[in-house]
Amino acid sequence: MKTTLPKETEVKHDWWLIDATDKPAGRLAVEICRLLRGRHKPDYTPHIDAGDFVVVVNSAKVGLTGNSKEEKKTYAKYTGFQSGYVETPAGIMRQKNPNYILWHAVRGMLPKNHMSRQLIKRLKLYPGAEHPHAAQNPKVVG
């Protein structure tokens, strides 16, 4: 019995469509990461990029589980300057950049290496119901 490895030139990258309305951000991020890395395919190999493209619509309506997480959950950043540490609550972050909550959750679940920086580019987030990828005929994740 031989183990066959798929070549990166032979891998077919499919397109998937996910509606994020009222779905928990963490559970949705797990499903997105699974599709981005290609773990749903029978010939999955960790070091070969066999993942698919994922289009997420209504990403502004993604839910946060727990009581009053819109006020309590914060996103931190450091500018590099003295006194440059800034914490932003999830509610304000949703107003400023509606895609950031889901993007941040997905990025945190991907491995920290060169491949993750390629995979995150395949994630297409749209705050509304329309997207420009209809020509790719994305399959709906149910």
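Reader: In β2, which residue is the bridge partner of isoleucine 18?

Author: This is a predicted model, in which local features need pLDDT of at least 70 and side-chain atom pairs count only at pLDDT 80 or more, while totals for chains, interfaces and linings use all residues. Residues are numbered from 1 along each chain as its sequence is written, and side-chain values use heavy atoms, with hydrogens and water left out. Strands (E, at least two residues) and helices (H or I, at least four) are DSSP runs numbered from the N terminus. Strand β1 (residues 15–19) pairs with β2 in the parallel sense over 5 bridges, and the partner of isoleucine 18 in β2 is valine 56.

Reader: Which strands are the edge strands?

Author: Two strands pair if DSSP finds at least two bridges between them. The open sheet has 4 strands with parallel pairing, in the order β5-β2-β1-β6. Pairing on one side only marks the edge strands, β5 and β6 (139–140).

Reader: Is histidine 40 buried, partly exposed or exposed?

Author: Histidine 40 lies in the loop between α1 and β2. Buried means under 20% relative accessible area and exposed over 50%, with partly exposed in between (1.4 Å probe, protein chains only). Because its relative accessible area is 25%, histidine 40 is partly exposed.

Reader: With the side chain of which residue does the side chain of histidine 40 make a polar contact?

Author: A polar contact is a pair of N or O atoms within 3.5 Å; within protein, one must be able to donate a hydrogen and the other to accept it, and residues adjacent in sequence count only if both atoms are side-chain atoms. At 2.9 Å, the partner of the histidine 40 side chain is that of aspartate 52.
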